[in-house]
Amino acid sequence: MHTQIRGIAIFVSVLMLASLSTAIAQRPTPTPRPRNFYAGAVYVMTNQVNNAVAVFLRTARGALTPAGEFSTGGAGDPVPHGMDPATDPLASQGALILGHGNQFLFAVNAGSNQISVLRVGMLDLTLVDVVNSGGIRPISLALHENLLYVLNEGGTPNITGFTVGDDGTLTPLPGSTQPLIGGTAADAAQVSFNPDGTLLVVTEKAGNRLNTYTIDENGLPSPPIDNPSNGMTPFGFAFNNSGFLVVSEAFGGTPNQSAASSYSAAEDGTLGVISGSVPNSQTASCWVVTTNNGKSAFVSNTGSGTISNYGIGKDGTLTLVNGAAADTGPTSAPIDMALNNSSHFLYVLLGGSQSVAAFSVGRDGALTMIDTDGGLPLGAQGIAAK
């Protein structure tokens, strides 16, 4: 009897172990931790033929966890157009932006001439709207309150406006389309508002020009105002909270010749140089972000694999703090950047390694590497963070 019972027990144990092994083998990929574990998120546009947004959930310490990809309902354009054909296909800043309150995410679909709106969930994204961009090859977006403008770089380049509904849907704004001064030769890079929404700025790389447009009470832009760039190849830019404009200057990608300039903006849309072409001794300075306190600007240097740190004075004066505040590697090709809402963390899209590098930001603007997460496709472009 004891022998029989022991045999049954052994048989049952073997069955349990087999079942456990099967369960382990069939266990799905671990899902992200409970939503209250995460403090925010980082979003990257894949910019593939079937365009999507990759989501990375962020912990309170800035580390990232991949959480899937969500379709934009449109087509990206991974075909090379930029200074580095392998890593910079859109050659633009602002291809993916977060709306106010982090409720909606806005993305360009350069391959299908569309703009997408996605609702931001705790762990995912939901497609809300897809509309025609009002031009060819949209590459950059700007948002102020319920007013969205897109920069269409292809064909006859233009800016075109939309109003954003409470539900995130977009409605074309009649009379909002305006050309770029440089026309088909402009090689534009970015459109963005100043802090109070009274001015739009567009950089023209080929024309070494900053187009400005004053915005009236109906959200409509003036004809473009021609402002010469202080340095060659103005690319990305950002306003700080005091309304001073910081613009990167790639100088055609010439090694170790990049710089950044700062400007003030008058009510009539004209720009005045404050600090002209402050060099950083790096290569291909292209993307710019400014911190919430308005005191620091970070510039990504695609050609040298570094991030530069500039200080912004109360009068808009630009001072180089560290030309290589962060080193992401000689072949990493840092392109788009985004600060989270508190400016405590900086996230950099590395086009060369198809990954996102995370940095903590010190009070003096010093950068400390946290981690790097990969798995992105070649040609990804556009990044936003909360």
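1. Lys 205 and Phe 235. In this predicted model, the charged end of Lys 205 is placed over the ring of Phe 235, at 5.0 Å from the ring centre. Phe 235 itself is buried, and its ring also takes part in a pairing with a second aromatic residue, Trp 287.

2. Phe 235 and Trp 287. The two rings lie 4.8 Å apart, centre to centre, with 50 degrees between their planes, and the pair is classed as tilted. Trp 287, like Phe 235, is buried.

3. Other aromatic pairs. The structure holds three aromatic pairs. One of them is formed by Phe 345 and Tyr 347: with 45 degrees between the ring planes and 6.5 Å between the centres, this pair is tilted. Phe 345 and Tyr 347 are both buried.

4. The sheet that contains S21. Strands of a sheet are held in pairs by hydrogen bonds of the backbone.

5. S21 and S22. Five bridges join S21 and S22 in the antiparallel sense. Within this pairing, Ser 285 is opposite Asn 301 of S22. The two strands make a hairpin with five residues between them, and Gly 294 in that turn has a positive phi of about 75 degrees.

6. S22 and S23. Strand S22 (residues 296-301) is also joined to strand S23 (residues 306-312), here by six bridges and again antiparallel. Ser 300 has Ile 307 of S23 as its bridge partner. These strands form a hairpin as well, with four residues between them; the turn includes Gly 305, whose positive phi is about 70 degrees.

7. Which residues of S22 point each way, and are they buried or exposed? Ser 296, Phe 298 and Ser 300 point one way, while Ala 297, Val 299 and Asn 301 point the other way; all are buried. In a regular strand, side chains alternate between the two faces of the sheet. For S22, six of six residues are buried, so the strand is covered on both sides by the criterion of under 20% relative accessible area.

8. The chain as a whole. The protein chain has one helix and 29 strands. Of its 386 residues, 55% are buried.

Note on methods:
Residues numbered from 1 in each chain as written. Predicted model: local features only at pLDDT ≥ 70, side-chain atom pairs only at ≥ 80, totals over all residues. Heavy atoms only, no water. Buried < 20%, exposed > 50% of the residue type's maximum accessible area, 1.4 Å probe, protein only. Pairing = 2+ DSSP bridges. Phe/Tyr/Trp six-rings, centres within 6.5 Å; stacked < 30°, edge-to-face > 60°. Lys NZ or Arg CZ within 6 Å of the ring centre and 35° of its normal.
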